[in-house]
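I opened my notebook to look at one protein chain today.

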Amino acid sequence: MDRNNSFQLRYRSKSSSPSVTNLQNVIDNSNPLFLSTGNPNLDQQVSHTANLRYLRTTKSGQTFIAMVGATIQQDYVADSTFVAREDITLSPTVTLNKGSQFTRPVNLDGYYSLQSMLTYGFPVDFIRSNINLSLSANYANVPTIFDGIESRTRELNLIPKIIIGSNISKNLDFTASYSAGINKMFSSLDNTAGSDYVTHTAAAKLGWTFFWGLTFRSTFNYIGYTGLDTGTEDYFLWNLSLGKKFLKNNAAEIRIEAFDVLKQNQAFTHRTGSNYYDYVSSNVLQPYAMISFVYTIR
């Protein structure tokens, strides 16, 4: 439109083949309560994505961005699941016991997702920093089949966020941020069944180059959860490093780093499946120290 205002409209289409696991007609009975197999008759998925973005910048350093987008998938590879009402012989060596579930991938239409984002950034001169405020919203509609009935598993995410980034000097830099991930998941089969929780993430980062090319860096993160009944605990992750820059233009640096000083690191994820919500806690790296040599090619 002009030097300060611009629009961008983008459309993209792509295809993706089913995974080898989804294509193999082999029964996985590693979990006797949840058996699964592949489907060699699956077709590839085709997705269509459109995005519209508006950007405004001013001479005073203010920035405003608004974005909306949508994705549609044809022949989406979805789960088709049924619960055995009596013992069923699936093969000469595999039996689906009464009450167990059996899942097979199928192609379904009806998958779509919506994305949107608003962000506003502006300088704050008295602390020589920039502040950025943003809000994003994402919605996904995932088709599934359960006991022969086609349904929709829906997920809504709202993410407000604030970031303060310094603009003090090339030798001192800090960033502080907070975001809340508000998650709501539900199935069209039962309007009363849902899973709502909030993920809180606060972070602070400091980088300082002081006398004789010595460097100090510190990152501190807090991750907490509200509304989860999975035994997941809030935790802090603190990393530190001390280094020395040398050679021409300080192109080289040797530093010692300490990871997870407080010994609290965790890993937690959630996944939306066919009429179920999966919460996974994984093993993670334990605290360690490492010596690094970094050379920057300019």
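**Ground rules.** I am working with a predicted model, where local features need pLDDT of at least 70, side-chain atom pairs count only at pLDDT 80 or more, and totals for chains, interfaces and linings use all residues. Residues are numbered from 1 along each chain as its sequence is written, and side-chain values use heavy atoms, leaving out hydrogens and water.

**Whole chain.** I looked up the secondary structure and found 1 helix and 19 strands; these are DSSP runs numbered from the N terminus, with helices being H or I of at least four residues and strands E of at least two. Next I checked the extent: the C-alpha atoms fill a box of roughly 75 × 50 × 40 Å along the principal axes.

**Burial.** I noted that 30% of the 298 residues are buried (under 20% relative accessible area, with exposed over 50% and partly exposed in between, using a 1.4 Å probe and protein chains only).

**Surface patch.** Which residues make the nonpolar surface patch of about 980 Å²? I listed Leu242, Phe246, Leu247, Ile254, Ile256, Ile291, Phe293, Tyr295 and Ile297. Two or more residues each come from β15 (235-246), β16 (252-259) and β19 (288-295). The most come from β19, which gives 3 residues.

**One residue.** I then picked isoleucine 291, which lies in strand β19. Is isoleucine 291 buried or exposed? Isoleucine 291 counts as exposed because its relative accessible area is 64%.

Terms used: Patch = residues over 30% accessible without salt bridge, like charges linked within 9 Å, V, L, I, M, F, W, Y side chains within 5 Å. Areas by Shrake-Rupley, 256 points an atom, 1.4 Å probe, with all protein chains shown as cover. Salt bridge = Lys/Arg side-chain N within 4 Å of Asp/Glu carboxyl O.
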